[in-house]
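Let's take a look at charged side chains and how they pair up. Here is the structure to keep in view as you read.

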Amino acid sequence: MRKWLWVLLLAQTGSQLFAQDAEQQTAGRANGSGLSAIYLLRPDRVFDGETMHEGWVVRINGNKIEAVGPAASVAANGGEQSGVSVVDLKGTTLLPGFIEGHSHLLLHPYNETPWDDQVLKEARSLRVARATVHARKTLLAGFTTVRDLGTEGADYDDVGLKHAIEQGIIPGPRMVVVTRALIATGSYAPKGFSPDITVPQGAEEADGHDALIRAVRTQIGKGADAIKVYADYRWGLMAEARPTFSVDELKLIVKTARSSGRGVVAHASTAEGMHRAILAGVETVEHGDAGTPEIFALMKQRGVALCPTLAAGDAVSQYRGWKKGTEPEPERIRQKRVTFRQALDAGVTLCAGGDVGVFAHGDNARELEMMVDYGMNPLDVLRSATSVNADVFHLADRGRIRPGLLADLVAVAGDPSRQISDLRRVRRVWKGGVLHLPE
């Protein structure tokens, strides 16, 4: 009897993410009458992905948003008398579930284990096991969708992770995956080994017409939702960042991906790498550290979005010894402030994505706080993390609080449009109408 009681207690502990009382029931689960549960959420205010509204409420039915608007109008359409369960969220702001624009769930912070050692010394089974924890932490931080931009040596394991979440095997965010990513031969890493040794790379090497087409099509066939290409990287033993693929090669990658309805994401930190990627037709540029006013003007003209990944550079600088808050900012950080402001001034669409994995999963709000610190209006940052990311990533079913969209929602204490750090004060997370409670 004791053995079975212990098993029961373990099972209950493992299910604490889900419903435990009337307020915490799964909104999408059928009730006794065979109908979906309906919930009326009553926060102090609702950010609908574009605008903040005081006194609004949201009604969810199953896994979708059914109604949103002023309390009187929504309550009159369905109402408590129709079996709607009311959830009091006094003191909170209700927002669309956040969309993380640049994540690596199969990586963990480099101050724990260097990137080279993760790629070369950690078993893929270990990395996947750790990624399941990362996925849960990300969801409980209010990020209900992630664009995961490369497995970094773990082949197609992001596809399996995505399917495990979709099938309800593990809790986690919805995933947009790129699988292995594409690199030019000789340009990526790990580095520093004898030239007599062939070292496994953190992405897929491919060059030229036939090889690039084959690599793009293979990644798509294995489950890639988009294609990521490294338009520049730290070449050779001196590790100098330089462009990798030619414009024609990049155009071929974009053309091949587009024929399957998929876009291309470009890692690019140099001005020339950015320039080539923009001319080739990529949808987003990641990092953009050495962008110029001319480059950002071209991005605006071509409709290419920037994912600046401020938090990654900040984290790496601290790993290298910078004592943030007590020492002057390193040149790399000062320059990033300049280029971020140039992108803002040029009107470039800015995605919210921190390159999470370089720093801890679940700390995703770090990027949003830094976007404000670097000069962006808090309300615009909230848009970037919701409706803007949804639009840029072609996710028409989320990123806003509107009838008919997925009930991916997060309630935070306070008002993050006034104090962005309130995003860390997560009280409730709903993904497809299913409630998850932060610990």
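Which residues are linked in a network of salt bridges? They are D314, K324, D363, R366, E369 and R424. A salt bridge here is a side-chain nitrogen of Lys or Arg within 4 Å of a carboxyl oxygen of Asp or Glu. The structure holds 31 of them.

Before going on, note that this is a predicted model: local features need pLDDT of at least 70, side-chain atom pairs count only at pLDDT 80 or more, and totals for chains, interfaces and linings use all residues. Residues are numbered from 1 along each chain as its sequence is written, and side-chain values use heavy atoms, with hydrogens and water left out.

| Pair | Closest N to O |
|---|---|
| D363 and R424 | 2.7 Å |
| E204 and R180 | 3.7 Å |

Take D363 and R424, which form a salt bridge. D363 sits in the loop between helix 11 (331–346) and helix 12 (365–373), and R424 in the loop between strand 17 (409–413) and strand 18 (426–431), so the pair ties together parts that are 61 residues apart in sequence. (Helices, H or I with at least four residues, and strands, E with at least two, are DSSP runs numbered from the N terminus.)

How covered up are these two? D363 is buried at 19% relative accessible area, while R424 is partly exposed at 41%. Buried means under 20%, exposed over 50%, and partly exposed in between, using a 1.4 Å probe and protein chains only.
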